[in-house]
Amino acid sequence: MFSEQERMVFIGLVVICGALAWPGFYNMFKIIRKGGEVNRFDNIIKRFLTATIDVLLQKPIFKTRPFVSILHAFIFFGFSFYLLVNVSDLLEAFVEGWTTIDRGPIFGTFNLLADLFSVLVLVGMISMLYRRFVVKPKAFEFNDNVLLHPKVAKGSIKKDSLFVGIFILLHVGSRWVGTAIRMAEEGHTNAWLPTASLLVPLFSDMSPESLEQAFHITWWIAMGLIVMFIPYFPRSKHIHLMIAPINLALGRNTPVGALDPVIDYSSPGASGILELPWPQLLDPYACIMCTRCHEVCPAHESGTSLSPSALEINKRYLMNESGSSLAAGEDIQLLDSAISSDAVWSCTTCNACVSICPVGNEPMQDIIQMRRSMVFDSNMPDELADTLRSLDEQGNSFGESNRKRSRWTKPLNIDIKDASKEAVDILWFVGDFASFNQSCTDTTRKVAEVLTAAGVDFGIIKKGEKSAGNDVRRVGEEGLFESLAEQNIEKLAGCEFNRIMTTDPHTFNALKNEYPALGGEYEVVHYSTLLLEMMESGIINLDETLSGNATYHDPCYLGRYNGIYEAPRGVIERCGLSIVEMPRNRDNSLCCGAGGGQIWMNDHDDMTQRPSEMRIEEALSVGVSRFLVACPKDMTMYSDAVKTSGHEGEIIVEDIIDLVYSAMNMQVEKMLPSNVDGVLT
Amino acid sequence: MKIAVLLKWVPDLVEELEVDDDGIGIDTDDLKFKLNEFDDHALEEALQIANDGDEVVAIAIDGDGTEKMLYTAIAKGASSGIRLTGGSNSNTANLAAGFATALDGGNYDLILTGVQSVDDLDGQLGPILAANMGLPCVSVVSSLNVSGGVATVTKEYSGGIVAEFEVDLPAVLGIQAARETPRYAPVSKIRQVQQSTDLAEKSVSGSSTSGTIITAMSEPETGGGAKMLDDVEDLIEILKGLGVS
């Protein structure tokens, strides 16, 4: 049925399009190879196996936007099956007499699946186009102040979407109609092709010659188009269908709370695209520009110039635009072409963008790499420089004498052990915020009182504890982080203890995930975990339980970074409160806006509303008047937010220790004398 | 152009100061020191006005924190650092004498120092140094431009009055504020400089026959507290009680 000429034309088209596509694929490969070295090839089989299963189950996509994810699943499964369909269609052209119609149940099933998937793809694609071009969700929009590649600003993403959408509709639609024409030629419908059969009557009065011609047209639209589309692939976001699974397979399998080490200390981080670690050069090709990341970004939501999505998209457009020169090693600066300086300094490193990304991209890691390079060039906000100077000179971010670090203990009439002088079971690494911040020290003292009352053998480092450096590392000051960590590790080496406890999730993260690489390996426990442990084992007995509703805010560095969601909730529930969850909870929690050094920087000029204020409103929307936290920075951020958002009197911010303290019916007079001999086992 | 920036290590005032046992100095045992803030501005201004080919030399009297201070200056962009041994920073006149010997014969076009420091609130270092070297001096400089061997500087006076001077180079300038906030030197860069750069060393004699001599030092006397009075009659009664009539 297919003439020799037709076959030659098709082969010629494949050769031409292959040749046209080659430079795009070749550049892509070369560019990725030029990225910074990190090892992502360990357990390679397991990596690809896991990624394949995840992709087949569409797991990463269903993290959010369930309806769109279903549409995506229609297209994904349809397209995957179409790989087989395309093979069959090729056979139809090149093998005389090849057909799948009326050839028994196996081919019948194949036809049935092809038929149903065709409709699902068409439904999925039309709905997605409708969504993008008619519904126009706000999530696709960027804040006005976000730096966009000129092409993106002119609507290039929409064009790409439309182009890809039409291609899919034509490719699948044409094949579907072609099947109906085939049946019309044979003069009857087929039960294995239920939906295409519905179209058969449309062609009933056509002559056999016209039907044959019409079939050839549909075949060429379906198959010719896919070949012609190949050169467009490496330029289009649609290449995500190849790169996303690879990106997922080659993703980070080390703790998300441990940043990649600096590769070259004489030029740390990345100022140019090619200086990024290579997996981060894979990211823009995996990106389908769905903007889910900026939808969950606290910086973008609060009106600043940061959109993690725009960063990946800009990278991709720069890589398309300068593919050959990048492949030849001619680098492009990221700053002011992929992202603005203000946006770099707007990131709270909350990891929400990374955690939500369906294709395993890590825009936040790009920002941290850029910060490393910018800090190395002394390019940072003045107030951040001041804080870093304090951290270097005093070892804390408050610019206070480090000798005042344990001053918070003074009002207590209990004698806290000095863990650097005597052995303790639990070494409490108090951290900057809990030690120095006026609005936190009451909470800090309550922790000490509860631990004492529970008979925990604990102590603090009275002299010589320095900031753990979690956020120092996240603003990109790698050298200072290492210096602080080395001093702490040296100090801890002289202490005898079983476990380290922290109340600050940032401190917790650094000690747990980042100190091991510098030689400090400890068992680190968050106070929420320790409290729950003591409640479960009966060490802490509650005299009276509280009642009522409350909501709990998951701190980024406790939840998303370290997966601790249930311990604080367990503590709250055991104290007698019922938790009413906010819409954004657990791994979808909204950052308070303090992380990644933001707490040391001024508010950004174009911020419309602080993330902490949005969060308080979110809590009020679920009808609670108690807002519970398990992080000293949250205490400060949300206590302030309640005031600045004008909701004083409507909601109170409490630390989980406040509940335990109340439920233990503790008063200062009731405190046990010092030197309680209780060892937690 | 060759610019010298004089750096000084001063007590960090976030720590509490205590008078030492001799009663004529500060107890430095537990004290933390840091670079004099105004010297940091002098360094920043030097780095700002230096063009390609210009040389910025950081100079400090040898002491506990000198190495870190000089390496930090180089990490920020200074061309080199000189550590002065044998000098004394016991008082400003001695310090100035030390710096003067170090600078002598160095062909510096500009000598920048911070306008003052916590232990030299009068800002004597610049003027004494200039006098020692026979150079012109302007202090409290808040802007600086150099062109053709002449520096045009703005000096701030109290009450918001500003004067503009033209000074023939070489000259000594006491910098009040640099045009940009002093830059931050990243720790890893300082570490690298430390490994890759050698500081020059120069022996100086730093004694001066003049200068301030401290005879006694003490903490300010604290007042006896205040009493809030409800009404003016009470005040009159108290004044009468004190013998005021």
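**A first look at chains A and B**

User: Hi! Where in chain A does pLDDT stay under 50?
Analyst: Over residues 668-681 of chain A. For that stretch the model has 23 contacts beyond four places in sequence. Keep in mind that this is a predicted model.

User: And what is the mean pLDDT of chain A?
Analyst: The mean for chain A is 94, and 98% of its residues reach 70 or more.

User: Good to know. On to the strands: what is the order of the open sheet in chain A?
Analyst: The order is β1-β3-β2-β4-β5 in chain A, five strands with parallel pairing. At the edges sit β1 (417-418) and β5 (524-526) of chain A, each of which pairs on one side only.

User: Which helices go with β4 and β5 of chain A?
Analyst: Helix α23 (residues 505-514) of chain A packs on the sheet and touches β4 (499-502) and β5 of chain A. The direction of α23 makes about 160° with that of β5(A). Helix α24 (residues 527-536) of chain A also lies across β4 and β5 of chain A, and α24 runs at about 80° to β5(A).

User: How many bridges join β2 and β3 of chain A?
Analyst: Three bridges, in the parallel sense, between β2 (residues 426-428) and β3 (residues 458-460) of chain A. To find the pair in the model, look for Trp428(A), which stands opposite Ile460(A) in β3(A).

User: Changing topic: how do helices α4 and α6 of chain A cross?
Analyst: The axes of α4 (residues 104-135) and α6 (residues 156-186) of chain A come within 10 Å and cross at roughly 155°. Angles over 145 degrees count as roughly antiparallel, so α4(A) is roughly antiparallel to α6(A). Their crossing is left-handed.

User: What kinds of residues make the contact of α4(A) with α6(A)?
Analyst: Nine are nonpolar, four polar and two charged. On the α4(A) side they include Leu122(A), Met125(A) and Arg132(A), and on the α6(A) side they include Gly165(A), Leu169(A) and Trp176(A).

User: Now the two chains together. How many residues does each of chain A and chain B give to the contact?
Analyst: Chain A gives 22 residues and chain B gives 14 residues. In chain A, the elements that give two or more are α17 (363-376), α18 (382-393) and α22 (478-493). The largest share, six residues, comes from α18(A).

User: How does the side of chain A that touches chain B divide by class?
Analyst: That side has eight nonpolar, seven polar and seven charged residues.

User: Over to chain B, then. What does β7(B) pair with?
Analyst: Strand β7 (residues 137-147) of chain B runs parallel to β10 (residues 171-175) of chain B, and three bridges join them. One partner pair there is Val138(B) with Leu173(B). β7(B) also pairs with β8 (residues 150-156) of chain B in the antiparallel sense, over six bridges, where Val141(B) has Lys155(B) as its bridge partner.

User: What do β7(B) and β8(B) form?
Analyst: They form a hairpin with two residues between them. In the turn, Gly148(B) has a positive phi of about 55°.

User: Last one: at what angle do α3 and α4 of chain B pack?
Analyst: Helices α3 (residues 92-103) and α4 (residues 125-133) of chain B pack at about 45°, with their axes 9 Å apart. That angle makes α3(B) oblique to α4(B), and the crossing is right-handed. Among the residues in contact are Phe99(B) of α3(B) and Ile128(B) of α4(B). By class, the contact has eleven nonpolar, two polar and no charged residues.

Technical notes
Residues are numbered from 1 along each chain as its sequence is written. Chains are lettered from A and ligands numbered from 1 in the order in which they are written. This is a predicted model: local features need pLDDT of at least 70, side-chain atom pairs count only at pLDDT 80 or more; totals for chains, interfaces and linings use all residues. Two strands pair if DSSP finds at least two bridges between them. Helices (H or I, at least four residues) and strands (E, at least two) are DSSP runs, numbered from the N terminus. Two residues are in contact if their C-beta atoms, placed from the backbone, lie within 7 Å. Axes are lines fitted to C-alpha atoms, for helices over the stretch in contact, and angles run from 0 to 180 degrees between N-to-C directions. Angles under 35 degrees count as roughly parallel, over 145 as roughly antiparallel, 65 to 115 as roughly perpendicular and the rest as oblique. A crossing is left-handed if the near helix is turned anticlockwise from the far one by less than a right angle, and right-handed if clockwise. Ala, Val, Leu, Ile, Met, Phe, Trp, Tyr, Cys and Pro count as nonpolar, Asp, Glu, Lys and Arg as charged, and the others, Gly among them, as polar. pLDDT is the predictor's confidence in each residue, from 0 to 100.
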